[in-house]
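I opened a new model today and kept notes as I went. The entries below are in the order I looked things up.

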Amino acid sequence: MRLARQYCVAAGRPTKYVVISRWQQFHGNDIGNAGLAGHTGRRRMLFPMFVNAPHIPAAYCYRCAFGATYPDCGLKCAHALETMIRQTGEENVAAFIAEPVVGAALACVPTPEGYFDIVRDICDRYQVLLIVDEVMSACGRVGEWFAMEHYGVSPDIIATSKGLTAGYTPLACTIASEDVWQTIEDTGTPYMAGHTLSENPVSCSGGVATLEYIEDHGLVANSREVGAYLLDRMRELLDLDIVGDVRGMGLMCGLEFVKDKATKEPFPPELKVCGLVFAEALDRGMITFPCTGCVDGVAGDMMLMSPPLITTRDQVDEMIAILKDSIEATQARLHDMATPAGRQVHY
Ligand SMILES: Cc1ncc(COP(=O)(O)O)c(C=O)c1O
């Protein structure tokens with residue numbers, strides 16, 4: 001956001017400051033990012049404290065906000081950006097931000113093919129920067145160094161972090177296109193975003209070592225290949241009563257739990273279904289990431305998984321076995337809770 005704003009000022013477009021975002025996305029825990037976020041559970045408490053960004057619907061085919069079906073939908077979710085820019089006033093809009101593969105807010109929803117071509121064209125026509133949040137998806141996680149490589153579209157700014165050091169030391173970076181960077185350089189004022197621990201040498205060494213390891217061991221290819229196998233095996237879980245959707249890209253995948261597969265009705269949030277599956281999986285030795293809010297910001301249970309990039313097919317088999325057992329055990333608990341005797345049991 002800072003870089004986009006500084007660029008607009010440097011480029012002689014000082015009225016541009018608004019960053020348009022999407023619902024069901026997450027961009028970080030600070031209060032500025034809470035305004036961008038569309039993750040209701042993580043922003044509602046902070047609501048009076050942030051500047052709220054305009055939000056367009058997520059590109060989320062399983063529960064399309066337009067009630068349409070891909071690809072016949074014509075990607076209305078992408079065209080919604082143009083409407084929002086016009087409503088907000090193109091002279092005010094600095095940037096649009098999207099997670100190419102939505103993480104915590106939607107449990108791994110990759111963007112449908114064609115979406116970013118439309119968005120890139122709209123951004124270019126209205127002099128709006130395209131920012132992608134690849135904090136979760138970059139560094140091989142989804143089978144390419146960057147998720148945007150799957151879509152063949154170049155953003156203007158990339159925010160990334162986690163995979164840079166595989167989490168061993170804290171490191172985040174902002175990557176800008178030549179145009180964005182050079183325009184700021186030409187003003188003679190450096191990018192104004194220094195932090196206490198910027199360019200921390202230990203973290204940067206950790207980052208270099210991690211990226212070299214990924215490269216030397218072909219882990220991006222491993223993520224792509226073993227990830228494809230993982231998604232295939234995950235699809236078997238669709239046979240289970242409460243698994244409504246399975247999605248994935250590379251070594252990142254997600255499940256969505258529903259009460260009724262035909263109507264996609266979610267479980268009541270107070271049942272904490274993803275918490276139950278999480279606890280069952282943990283008992284069996286596997287850590288998963290329970291997520292909520294995909295339906296209306298509050299209801300909707302999901303499970304996100306992103307195993308290490310060194311994961312093997314055998315380990316995928318182990319994961320699937322644990323997941324299957326954990327979901328079946330949860331189904332049994334839900335069944336017990338629904339019976340008259342079970343209603344007195346509080347989890
Ligand atoms: C997609 C995404 N963007 C950004 C962040 C960064 O959050 P923070 O700045 O709070 O570390 C996260 C953290 O989970 C994330 O998942």
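What follows are my notes on a sheet, a helix, a hairpin and some aromatic rings.

**Ground rules.** I am reading a predicted model, where local features need pLDDT of at least 70, side-chain atom pairs count only at pLDDT 80 or more, and totals for chains, interfaces and linings use all residues. Residues are numbered from 1 along each chain as its sequence is written, and side-chain values use heavy atoms, with hydrogens and water left out.

**Entry 1, the sheet.** I took helices (H or I, at least four residues) and strands (E, at least two) as DSSP runs, numbered from the N terminus. Two strands pair if DSSP finds at least two bridges between them. I found an open sheet of six strands with mixed pairing, in the order β2-β1-β3-β6-β7-β8. Which strands stand at the edges? They are β2 (55–56) and β8 (173–176); each has a single partner strand, so one side of each lacks a neighbour in the sheet. I then checked β1 (residues 18–22), which pairs with β2 in the parallel sense over two bridges. Arg22 has Ile56 of β2 as its bridge partner.

Axes are lines fitted to C-alpha atoms, for helices over the stretch in contact, and angles run from 0 to 180 degrees between N-to-C directions. Helix α1 (residues 2–10) packs on the sheet and touches β3 (93–98), β6 (129–134), β7 (157–160) and β8. Its direction makes about 165° with that of β6. Helix α5 (residues 115–125) lies across β1, β2, β3 and β6, at about 140° to β6.

I called a residue buried under 20% relative accessible area, exposed over 50% and partly exposed in between (1.4 Å probe, protein chains only). In α10 (residues 273–283), the buried residues include Val273, Cys274, Leu276, Val277, Glu280 and Ala281. They cover an arc of only 155° around the axis, so they lie on the same side of α10. The arc is that of the directions from the helix axis to the C-beta atoms. Their cover includes β10 (252–257), β11 (289–292), β12 (301–305) and α11 (313–338).

Just after α10, Gly285 takes a positive phi of about 90°. Thr288 lies in the loop between α10 and β11. Is Thr288 buried or exposed? I found Thr288 buried, at 6% relative accessibility. Neighbours within four places in sequence aside, Thr288 is in contact with Phe278, Ala281, Met303, Leu304 and Met305.

In β9 (residues 243–249), seven of its seven residues are buried. Strands β9 and β10 run antiparallel, joined by six bridges. Val243 has Phe257 of β10 as its bridge partner. Two residues separate the strands of this hairpin, where Gly250 takes a positive phi near 60°.

Rings of Phe, Tyr and Trp (its six-membered ring) pair if their centres lie within 6.5 Å; planes under 30 degrees apart count as stacked, over 60 as edge-to-face and the rest as tilted. I count three aromatic pairs by this rule. Phe47 and Phe50 have ring centres 5.3 Å apart and planes at 75°, so the pair is edge-to-face. Phe47 is partly exposed at 42% relative accessibility, whereas Phe50 is buried at 10%. Ring pairs also link Tyr115, Phe116 and Tyr151 into a cluster.

How values were computed
Contact means heavy atoms within 4.5 Å.
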